[in-house]
Amino acid sequence: MKKRALITGITGQDGSYLAEFLLEKGYQVFGMIRRSSYEKLDRIAHLQKDLELVQGDLLDQNSLAAAIRQSDPHELYNLAAQSFVPTSWNQPVLTAEFTALGVTRLLEALRQINPRIKFYQASSSEMFGKVRASPQDETTPFYPRSPYGVAKVYGHFITVNYRESYGLFACSGILFNHTSPRRGMEFVTRKVAAGAAAIKLGRQDQIKLGNLDAKRDWGYAGDYVRAMWLMLQQEKPDDYVIASGESHSVQELVELAFGRAGLDWNKHVEIDPALFRPAEVEHLIGNSKKARQVLGWEPKVSFSELVRIMVDAELERQKASPSMNRQP
């Protein structure tokens, strides 16, 4: 019998890679989408004939229950959220509804319908925020620095609470920054790769960026979804940090991306103070020792390889679409 999995947020970067991974594993994959998401299926267009899409909304408890009943999954991966940190400052209440309370609605629906379903919650390194220790692992205290980070802390601890109170097989993956050619254009990794490609192709002269000194622990999304699956294959549920263990600045990202495109970044990058965060997360770097030891997980794609993959994908994409809009 095929295993069944339900993925919320299937139209996002991680959802598309996880769907690919599970299909390759022989799963029957259901994807939960909001009604408005029908216009945003580009990341899963190549998979759509193999997926079963069901409607549901993290703001609507009844729709979540209906999606769970319809898919009857063995595993439920909650990847849906308002996930762009700067937007959380503009829409803090909506961010809390989706990214925090949405987790409670989903867990409660799962508990009432079938508490044997294994549950994965997408936690985030943004929960560490103003870091209390470095590198960060599963025991490092949280100090979120954005409404998004605060909402993710709630989602994390409500998952722990349901696991301990109701005996659910519920895991949280504390994923550090991970990216790919499928990342949204609003994220700095994609913005830099797209900008370098557009400048290389003569479509624009510069890009505007914020804090070049900000450092992140970046990995490849395709590697990280493998860790999500591994968590739900264990005998006991637990929480795991998933990270490369390397820290790189935005400036390093820019240097590699523009170098791959054969450009001098100094001639094309403008610093825009408006793009700085109100409260910056300055130095996130993860310690994934537990995941490596217990899950047998480790990243396969290096940071330099990741930047190369993204720039090459952007060049190919933009060459194939001569009328693509200019990127900011």
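Start by selecting Asp72, which sits in the loop between α2 (61-71) and β4 (75-78). Helices here are DSSP runs of H or I of at least four residues and strands are runs of E of at least two, numbered from the N terminus. This is a predicted model, in which local features need pLDDT of at least 70 and side-chain atom pairs count only at pLDDT 80 or more, while totals for chains, interfaces and linings use all residues. Residues are numbered from 1 along each chain as its sequence is written, and side-chain values use heavy atoms, with hydrogens and water left out.

**Two backbone stops**

Stay on Asp72 and look at its backbone: phi is positive, about 45°, although Asp72 is not a glycine. Most residues other than glycine have a negative phi, and most peptide bonds are trans. Asp72 counts as partly exposed, at 38% relative accessibility. On this scale, buried means under 20% relative accessible area, exposed means over 50%, and partly exposed is in between (1.4 Å probe, protein chains only).

Next, select Ser134 and Pro135. The peptide bond from Ser134 to Pro135 is cis, with omega near -5°. Pro135 belongs to the loop between β5 (118-124) and α5 (147-166).

**A buried glutamine**

Now move to Gln121, in strand β5. Gln121 has a relative accessible area of 1%, so it is buried. Show its side chain together with that of Asn78: a polar contact of 2.8 Å joins the two. A polar contact is a pair of N or O atoms within 3.5 Å; within protein, one must be able to donate a hydrogen and the other to accept it, and residues adjacent in sequence count only if both atoms are side-chain atoms. Leaving aside residues up to four places away in sequence, Gln121 touches Asn78, Val103, Lys152, Gly155, Thr159, Cys171, Ser172 and Gly173. Touching, or contact, means heavy atoms within 4.5 Å.

**Salt bridges**

Side chains of opposite charge can pair when their charged atoms come close. The structure holds 13 salt bridges, each one a side-chain nitrogen of Lys or Arg within 4 Å of a carboxyl oxygen of Asp or Glu.

- Select Arg182 and Glu20, whose side chains meet in a salt bridge (2.7 Å, N to O). Arg182 lies in the loop between β7 (178-179) and α6 (188-200) and Glu20 in helix α1 (residues 13-24), so the pair ties together parts that are 162 residues apart in sequence. Arg182 is buried at 18% relative accessible area, and Glu20 is also buried, at 17%.
- Select Arg105, in helix α4 (residues 92-113). Arg105 forms a salt bridge with Glu97, with the closest N and O atoms 2.6 Å apart. Arg105 is buried, with a relative accessible area of 17%, whereas Glu97 is partly exposed at 27%. Beyond residues up to four places away in sequence, Arg105 touches Leu58, Leu59, Asp60, Gln61, Leu64 and Glu97.
- Select Glu314 and Arg317, another salt bridge, with the closest N and O atoms 2.5 Å apart. Both residues are in helix α10 (residues 303-320), 3 residues apart, about one turn of the helix. Glu314 is buried at 1% relative accessibility, while Arg317 is partly exposed at 29%.

**A glycine in a loop**

Select Gly286, in the loop between β13 (269-271) and α9 (289-295). Gly286 is buried, with a relative accessible area of 5%. Apart from residues up to four places away in sequence, Gly286 touches Pro135, Gln136, Phe176, Asp217, Val241, Ala243 and Gly245.

**Zooming out to the domains**

Finally, colour domain 1 (4-178 + 220-242) and domain 2 (183-216 + 246-284 + 302-320). These bounds come from an automatic or database domain assignment. The C-alpha centres of the two domains lie 27 Å apart. Where they meet, 17 residues of domain 1 are in contact with 13 residues of domain 2.

The area buried between them is about 1,400 Å², with 60% coming from carbon and sulfur atoms. Buried area is the accessible area (1.4 Å probe) that two parts lose on being put together, summed over both. Across this interface the rule finds 0 salt bridges.
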